[in-house]
Amino acid sequence: MRIIRTPQEMHEWTRDTHEHDRIVGFVPTMGALHAGHSRLIDIARGECNAVVVSIFVNSLQFNRSDDFESYPRTFDADVTLCEARGVDILYAPSTSAMYTPSFQTTVTPGALAATLEGEGRPGHFGGVTTVVTKLFNAVTPQRAYFGQKDFQQLAVIKKMVVDLDFAVQIVAVPTVRDEDGLALSSRNARLSHADRVAAAALYRALSGARSAYVAGQKDASALIDLALDELNREPRARVEYVRVVDSETCVDLERVSDRATIALAVWFGDVRLVDNVSFGH
Ligand code: AMP
């Protein structure tokens, strides 16, 4: 596996790779890799001739500097994981290589990015679309892999790719969960033991709402109340929101269908966790 540190060096590899007609699969990450990331990498490995993983903690998408600074960084372990999974290129540019002092051009998403996560984290998705554009330009993959765990991010990226004519196919990968249902996340490493145990309430709340939907409850506020009841039984959890939205537009819904998703953001101490479950398949 080769580690590449600059967009220029990445471009050179990309030019050479495309001359050999290879299908490039790309997995963008912020590092602190876990089995959720591994799933994305394994799927890319199975579908493409060359796999590029990027690790870049993108300052532009953090609206709180303490969150950026405390974001887990485990580069050596990440290198080992990527090598073990047959990654060809680990693209790990520095912040200064990505954002020079005179950097000023950004990609601004539309209404889709203003709701849900965009409300509590202003500017977040603009940071995501800007960095993903830069990464796509450097790597020029035919396929790029994103987790459904961040389903609004997935929707924003899909929209950007269509709106701005990127020649890349976006592949959605289902959420990988721990045994108690907690979605794997780099942020889980920052939970205390007691909070980690308590965080199982998130999936109980989401899957309880999904079961009620399958049993016939189609009223969004009733499903939200069910999820809130479950979360409120856990005194360590501080709920920021539980919402039922259209899976593509992220607009709040009153009546639920298979096109809907129930999404939540919950705090444990100073750690903010997000998760969602689709009411479809
Ligand atoms: P991150 O490093 O958290 O920015 O995530 C990088 C990519 O991995 C994103 O597309 C995430 O949606 C995806 N991802 C993170 N956690 C999981 C998970 N538990 N299951 C599936 N994909 C995930």
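**Close-up 1. Helix α8 supplies the largest share of the lining of the second largest pocket, five residues.** Welcome to this predicted model! The second largest pocket holds about 530 Å³ of space. Of the 21 residues lining it, Q148, F151, L154, S247 and T261 are the closest to its centre. Strand β9 (271–278) joins α8 in giving at least two residues to this lining. Which classes of residue make up the lining? There are nine polar, seven nonpolar and five charged residues.

**Close-up 2. Helix α8 runs from residue 151 to residue 163.** With 13 residues, α8 reaches 18 Å from its first C-alpha to its last, close to the 18 Å expected at 1.5 Å a residue. Look for its buried residues: F151, Q152, Q153, L154, A155, V156, I157, M160 and V161. Just after the helix ends, D165 takes a positive phi of about 60 degrees.

Close-up 3. Which residues of α11 are buried? They are A220, L223, I224, A227, E230 and L231.

**Close-up 4. R238 has its place in strand β7.** Leaving aside neighbours within four places in sequence, R238 is in contact with V266, W267 and G269.

**Close-up 5. A32 and its positive phi can be found in a loop.** Most residues other than glycine have a negative phi. A32 is not a glycine, yet its phi is positive, about 50 degrees. Its loop lies between β2 (24–29) and α2 (35–47). Is A32 buried or exposed? With a relative accessible area of 10%, A32 counts as buried, because buried means under 20%.

**Close-up 6. L116 also has a positive phi, near 50 degrees, in a residue other than glycine.** You will find L116 in the loop between α5 (95–98) and α6 (117–120). L116 is buried, and its relative accessible area is 2%.

Notes:
Residues are numbered from 1 along each chain as its sequence is written. This is a predicted model: local features need pLDDT of at least 70, side-chain atom pairs count only at pLDDT 80 or more; totals for chains, interfaces and linings use all residues. Side-chain values use heavy atoms; hydrogens and water are left out. Helices (H or I, at least four residues) and strands (E, at least two) are DSSP runs, numbered from the N terminus. The expected span of a helix is 1.5 Å times one less than its number of residues. Buried means under 20% relative accessible area, exposed over 50%, partly exposed in between (1.4 Å probe, protein chains only). On a 1 Å grid over the protein atoms alone, a cavity is a set of points where a 1.4 Å probe fits but cannot get out, and a pocket is an open set with protein on both sides within 12 Å along at least five of seven lines; lining residues have an atom within 4 Å of a point. Grid points are joined across faces, edges and corners, and a volume is the space filled by probe spheres set on the points. Ala, Val, Leu, Ile, Met, Phe, Trp, Tyr, Cys and Pro count as nonpolar, Asp, Glu, Lys and Arg as charged, and the others, Gly among them, as polar. Contact means heavy atoms within 4.5 Å.
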